[in-house]
Amino acid sequence: MKRKLFSLFSLFKRSLDKNTVVGVATYANTVNAVCLKKQYGHWKIHKYHSVEITEKHDYTAAITLCTQQVSSDVCAVNLVIPHSLYQIVQIEKPALSDEEIIQSLPWTTKDLVDIDPENIDPENIVADFIDYPITLPMQSKKMNVFITSKLQLLPFIDSFKQVKPLLRTMTSEEMTLVTLLGTSKDAHMLIVQHASFEPRILIIRDGQLLLTRRLNGLLGMSDKDQSQELVEAFGLEIQRSMDFFESQLKQPPIRSIQLQCDDLTSLTLRAELAEFLQVKVIDFKPTLDLAQQLETQYYYALGAAYQLTEPESVI
């Protein structure tokens, strides 16, 4: 299954070190980078680095610095696009080749997204897709489309002009989390939230993204003293997603709920949600062994780097 999105392969012709890969991601108020090197047939963590930021415009300088700190090799980089800069929509998959689908997406999706009206021209839309793995009887095949703005991406692309590692692909937070969770045969729900943003709900199973929802009206969940009313409202939204997954999509029950959030990993909240939902609630724990060597803030960067180690990667 494809996990990397927005390929930039055609922009670069230089040969790369196939035994070195770099992942870069923004997380909360930091930019993080992880470099992996292949040694004796195994990928190992070579270096990692983090740079704090205070202003949004500092992201590009921080990306350059982080990348320089972890590698001076001419190697491939995979960048995790901040979730606030892209949208995901689900549409029917047309009977076209993958290349033809990608070429048509800016026009077929332009009316489905709420990108800044000044940037809504199809020429400014960058889109990629993954197949939706669930097909119900009497329904057409569907796909999840990831959509962003070319103008929003250009500063991130420019960040790599002053470093030796080359940006080859960009991916989403959702697909990075899919990589980190591995290929468990059980379905797991992830509650994802960054400070000052609404929560998102993901359901992942066997290396596939089965459901994604962005919630509204729950911004206060990032506070450390959540009200009981807010916790219950949060629990109801989680329950609705579980019911939809199990009843409407006719899938086996969720095995666990995992919190991958800046401020939502308190014992109290986990206990309250577990009691409300009658499902195990735990902090997010990647199955990727390399993650055990890193602090949680590096997870996205690690996942992005690890995507480049997949056999089908062109690096």
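Reply: Let us begin with contacts, meaning heavy atoms within 4.5 Å. Among contacts in the protein between residues at least 6 apart in sequence, 68% join residues at least 24 apart. Please note that this is a predicted model, in which local features need pLDDT of at least 70 and side-chain atom pairs count only at pLDDT 80 or more, while totals for chains, interfaces and linings use all residues. Residues are numbered from 1 along each chain as its sequence is written, and side-chain values use heavy atoms, with hydrogens and water left out.

Me: How many helices and strands does the protein have?

Reply: Helices (H or I, at least four residues) and strands (E, at least two) are DSSP runs, numbered from the N terminus. Here the secondary structure comes to 7 helices and 13 strands.

Me: What share of the residues counts as buried?

Reply: Buried means under 20% relative accessible area, exposed over 50%, and partly exposed in between, with a 1.4 Å probe and protein chains only. Of the 315 residues of the protein, 52% are buried.

Me: Which residues of helix H6 are buried, and why do they line one face of the helix?

Reply: The general idea is that an α-helix has 3.6 residues a turn, so residues three or four places apart point the same way. In H6 (residues 267-277), the buried residues are Leu269, Arg270, Leu273 and Leu277. Seen down the axis of H6, these fall within an arc of 100°, so they line one face; the arc is that of the directions from the helix axis to the C-beta atoms. They pack against helix H5 (228-248), strand S12 (256-261) and strand S13 (281-283). The face turned away from the buried side of H6 carries the exposed residues Leu267, Thr268 and Glu275. After H6 comes Gln278, whose phi is positive, near 60°.

Me: With which side chain does the side chain of Asn144 make a polar contact?

Reply: A polar contact is a pair of N or O atoms within 3.5 Å; within protein, one must be able to donate a hydrogen and the other to accept it, and residues adjacent in sequence count only if both atoms are side-chain atoms. The partner of Asn144 is the side chain of Gln90, at 3.1 Å. Asn144 belongs to strand S7 (residues 142-149) and, at 4% relative accessibility, is buried.

Me: How many disulfides are found?

Reply: A disulfide is a pair of cysteine sulfur atoms within 2.5 Å. A search of the whole structure finds 0. For Cys75, the closest cysteine sulfur, in Cys35, is 5.7 Å away, too far for a bond.
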